[in-house]
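Visitor: I'm new to this one. Could you pick a single part and walk me through it closely?

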Amino acid sequence: MSKIYLSHNNIVSSFGFNSISAIEGIRNQVSGLSLYEDKKILGTPFCSSRIHQEKLQEHYSALSPNEEHTRLEQMMLVSLSDCLKKANIKLTEKTGLIISTTKGNIDVLENESKYPESRAYLPVLGEKIRQFLGFGNKPIIISNACVSGILAIAAAKRFIKQGLYDDVFIVAGDLVTPFILSGFNAFQALSTEPCRPYCKTRTGINIGEVASSVLVTNDPSKTTDESVIVLGEGSCNDANHISGPSRTGEGLLRSVEAAIKQSELQSGDIDYISAHGTATMYNDEMESIAFERANLSNTPLNSLKGYFGHTLGASGLLETIIGMHSLHQNTLFASLGFQELGVSRPLNIIKETTSKNINTFLKTASGFGGSNTAVVFQKAQV
Amino acid sequence: MKNDFYIQSYSHVKNGEVSVNGKTVFKTSETDFKLVMKAAYKKLIIDHPKFFKMDNLSKLGFLAAHVLLENEKEKNIALILSNKASSLDTDRTYQESIKNVEQYYPSPAVFVYTLPNICMGEISIKHKLYSENCFFVTDEFTPKTLSTYANELLESNKARKALCGWVDVDNGKYNAFLYVVAKKGTFVHSEAEINRLY
């Protein structure tokens with residue numbers, strides 16, 4: 001069985017319009033989060049990280065669009081076109097396109113929207129992206145709550161293994177909208193200050209905005225310095241509650257076990273965990289239980305939500321890309337906002353950004369609907 | 001080595017009718033979605049009152065899955081579902097509740113259903129399936145995506161069976177077609193067969 005790699009990548013975020021700008025921000029322990037007072041989005045101030053609108057316009061205009069695209073489409077096009085340009089490969093019938101999003105163009109349902117309601121259908125969004133960038137195959141859209149971004153990587157690997165594709169480009173993105181913020185606010189889950197995952201004094205989640213892209217390929221000649229091998233994956237349900245995380249961490253545990261088993265590794269072989277860590281009380285607690293059950297309590301772990309907030313359907317892919325660069329730079333990035341452990345089980349939270357030889361990392365995510373996904377990655381060293 | 005997989009059983013829910021393996025198990029002349037679901041529940045489900053708290057998409061998926069899984073012993077069943085409208089049917093209801101300052105009533109109970117995979121969460125809870133889940137959104141029923149994904153999960157032993165199919169609710173229209181892929185069954189697990197049964 002040939003190996004499957006993650007390769008060229010892009011992050012469009014409040015830090016800038018490529019992966020390096022985001023990595024630099026993280027390396028310097030700068031948060032992209034700040035307080036917004038935007039009554040069009042939420043009646044009360046909220047903490048978020050958003051993509052700079054004018055700069056997004058500039059990058060989008062540089063693509064010479066022949067029709068108007070929504071804000072999310074612009075974010076996705078800017079991100080994916082950069083990834084495509086870097087990869088510089090011919091799009092064939094063996095090139096797939098996977099789009100990961102939870103809500104897509106949900107903002108077109110707003111009264112003021114100039115776009116027709118039909119734009120809210122995810123396949124319409126998918127077709128806009130496909131058409132503009134010239135993919136031959138119809139996009140495969142994954143909408144699986146907050147695990148979508150990491151599940152998209154697992155799915156790309158699975159489609160390549162089955163011979164459907166040789167290369168898959170994934171683009172992931174979601175917007176900060178009244179829809180999303182009012183919903184999390186109704187759950188009383190939003191924090192008005194930058195979130196502090198796993199911290200004793202954590203006060204909830206922030207929602208942020210990112211688009212990210214990656215090339216998944218079975219061809220080692222298409223890899224980059226920061227490329228990783230996708231070793232194993234699992235995506236298991238809690239079968240417990242549709243909005244509350246499992247008290248036993250069952251689905252996450254099973255996902256992690258499946259991913260490690262397929263990787264032919266032991267839990268002790270994992271050098272670093274890029275966890276979900278939304279900074280809600282229940283999520284962080286659930287993760288600590290699952291990681292203890294998986295014998296991963298001592299493994300260095302961070303949540304990157306303190307830099308971007310929770311970027312929904314983009315988060316799993318965003319955080320995986322950062323993990324790739326973390327491995328390549330042999331650096332464990334600090335879990336920003338963390339002060340004192342505030343979960344019932346031990347976790348080895350990365351407090352300071354430190355140099356360390358790391359070869360293997362585990363990325364996890366959990367979301368509504370009892371969804372969980374875990375994927376193990378290893379340095380490609382090619 | 002490649003395994004051969006089969007379709008063990010399949011269900012349809014559309015036009016006021018629920019069928020299993022092509023045989024009608026419930027039929028009503030009612031056209032209103034909620035009333036169809038209520039009547040089908042009384043005949044086919046009976047003992048899961050949480051059903052009435054679900055949104056339309058979850059009700060439809062739950063019902064179509066229930067008639068296939070109620071006597072199923074295997075618990076390692078992957079759920080691989082798809083549709084066109086995602087959760088748009090409930091998204092519209094939720095957006096209506098926040099549309100202006102005077103009528104601003106965002107409800108967590110509605111918001112949680114504004115994701116298509118919640119439907120798989122409801123099925124997983126009822127049938128105690130701690131198994132693989134993935135929700136795809138496509139403009140039309142696409143057996144190739146579902147069968148490729150199912151084959152990979154079955155061949156890599158991540159699942160022993162897979163519940164796959166289409167579950168779509170949009171502006172009062174609804175259509176569900178689910179099928180169970182297994183090592184044994186009546187129909188070959190091929191795109192052509194899936195399309196024929198659809």
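Guide: In chain B, 65% of the contacts with a separation of 6 or more join residues 24 or more positions apart; two residues are in contact if their C-beta atoms, placed from the backbone, lie within 7 Å. Keep in mind that this is a predicted model, where local features need pLDDT of at least 70, side-chain atom pairs count only at pLDDT 80 or more, and totals for chains, interfaces and linings use all residues. As for labels, residues are numbered from 1 along each chain as its sequence is written, while chains are lettered from A and ligands numbered from 1 in the order in which they are written.

Back to chain B: 52% of its 198 residues are buried, meaning that 20 or more other C-beta atoms, again placed from the backbone, lie within 10 Å of a residue's own. You'll find 7 helices and 8 strands in chain B (DSSP runs, H or I of at least four residues for helices and E of at least two for strands). Chain B has a radius of gyration, taken over C-alpha atoms, of 17 Å, close to the 16 Å from the globule rule for 198 residues, so it's as compact as a globular protein of that length. That rule is 2.2 Å times the number of residues to the power 0.38.

Definitions and conventions:
Buried ≥ 20, exposed ≤ 12 C-beta atoms within 10 Å, placed from the backbone.
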